[in-house]
Amino acid sequence: MDRWKGRVALVTGASAGIGAAVAEDLVQHGMKVVGCARNVEKIQDIATKCQKSGYTGLLVPYQCDLSNEEEILAMFSAIKAQHGGVDVCINNAGLAHPDSILNGKTSSWRNMLQVNVLALSICTREAYQSMTARNVNDGHIININSMSGHRVVPTADVHFYSATKYAVTALTEGLRQELHEAKTQIRATCISPGLVETEFHSRMYHQNPEKGPSVFGSIKYLEAKDVSNAVTYVLAAPPHVQIGDIQMRPVEQKS
């Protein structure tokens with residue numbers, strides 16, 4: 001990770017869960033991290049923790065609604081003006097609504113597409129253009145996907161969400177191919193965790209709270225730190241190594 005010291009990373013959805021863990025780890029490794037979310041107070045708390053811990057990097061909170069393209073573009077402009085540009089882009093932000101294909105609300109489907117697919121694609125495009133404008137040829141774009149992007153479970157609540165994650169799988173491979181055609185050394189990676197202990201499910205079932213924790217059952221699930229470790233592993237790989245996809249799940253998770 002030494003070669004990333006002092007470099008700039010963008011982490012979306014950095015206020016909690018996987019994004020918060022990734023942001024903190026990258027700061028610990030000496031990176032300047034722009035952590036974005038709608039709630040920046042939580043990111044500021046993480047930044048204070050990093051500073052008190054004596055980490056050599058810096059966490060910069062940035063408020064951004066990823067469902068709004070204008071806010072995303074304004075964020076990239078601010079990063080360019082204040083920090084030069086993005087060298088590493090961690091597309092972590094994602095959400096789910098328990099809306100089935102047969103009975104779901106269009107507004108919920110649209111929101112999942114806006115954040116899980118469109119925001120990820122916009123951030124990817126802007127990060128790549130930021131890198132190429134500065135002749136950065138060793139950048140990295142990492143998409144935090146899901147095992148739901150590789151199989152469809154027989155649970156109607158997550159079928160549309162799974163469709164958005166299948167899109168992330170396709171987008172990551174498409175990105176890798178386009179980067180190859182562009183003859184750049186910028187890398188693209190997809191990390192696909194199974195069940196992780198975060199606020200994700202409680203937010204998904206905020207109108208039906210009892211369903212949130214029950215999704216885990218009695219198994220030992222992944223922790224946000226486990227996924228963050230996968231991110232640092234990918235970033236630490238030699239520049240000539242392309243890690244396309246990491247699939248990870250709890251040992252006791254069946255599918």
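## The sheet

Two strands count as paired if DSSP finds at least two bridges between them; strands themselves are DSSP runs of E with at least two residues, and helices are runs of H or I with at least four residues, both numbered from the N terminus.

In general, strands of a sheet pair through backbone hydrogen bonds, either parallel or antiparallel. Here, strand S1 (residues 8–12) and strand S4 (residues 88–91) run parallel and are joined by three bridges. Leu10 stands opposite Cys89 in S4.

## Helices on the sheet

## A buried threonine

Thr164 lies in helix H5 (residues 159–181). Its relative accessible area is 1%, so Thr164 is buried (buried means under 20%, exposed over 50% and partly exposed in between, with a 1.4 Å probe and protein chains only). Apart from neighbours within four places in sequence, Thr164 is in contact with Met112, Leu113, Asn116 and Val117, where contact means heavy atoms within 4.5 Å.

## The whole protein

The protein has eight helices and nine strands. Its radius of gyration is 17 Å, close to the 18 Å that the globule rule gives for 255 residues, so the protein is as compact as a globular protein of that length. This radius is taken over C-alpha atoms, and the rule is 2.2 Å times the number of residues to the power 0.38. Along its principal axes the C-alpha trace spans about 45 × 45 × 35 Å.

Buried residues make up 51% of the 255 residues. Of the contacts between residues at least 6 apart in sequence, 74% join residues at least 24 apart.

## Basis of the values

Residues are numbered from 1 along each chain as its sequence is written, and side-chain values use heavy atoms, with hydrogens and water left out. In this predicted model, local features need pLDDT of at least 70 and side-chain atom pairs count only at pLDDT 80 or more, while totals for chains, interfaces and linings use all residues.
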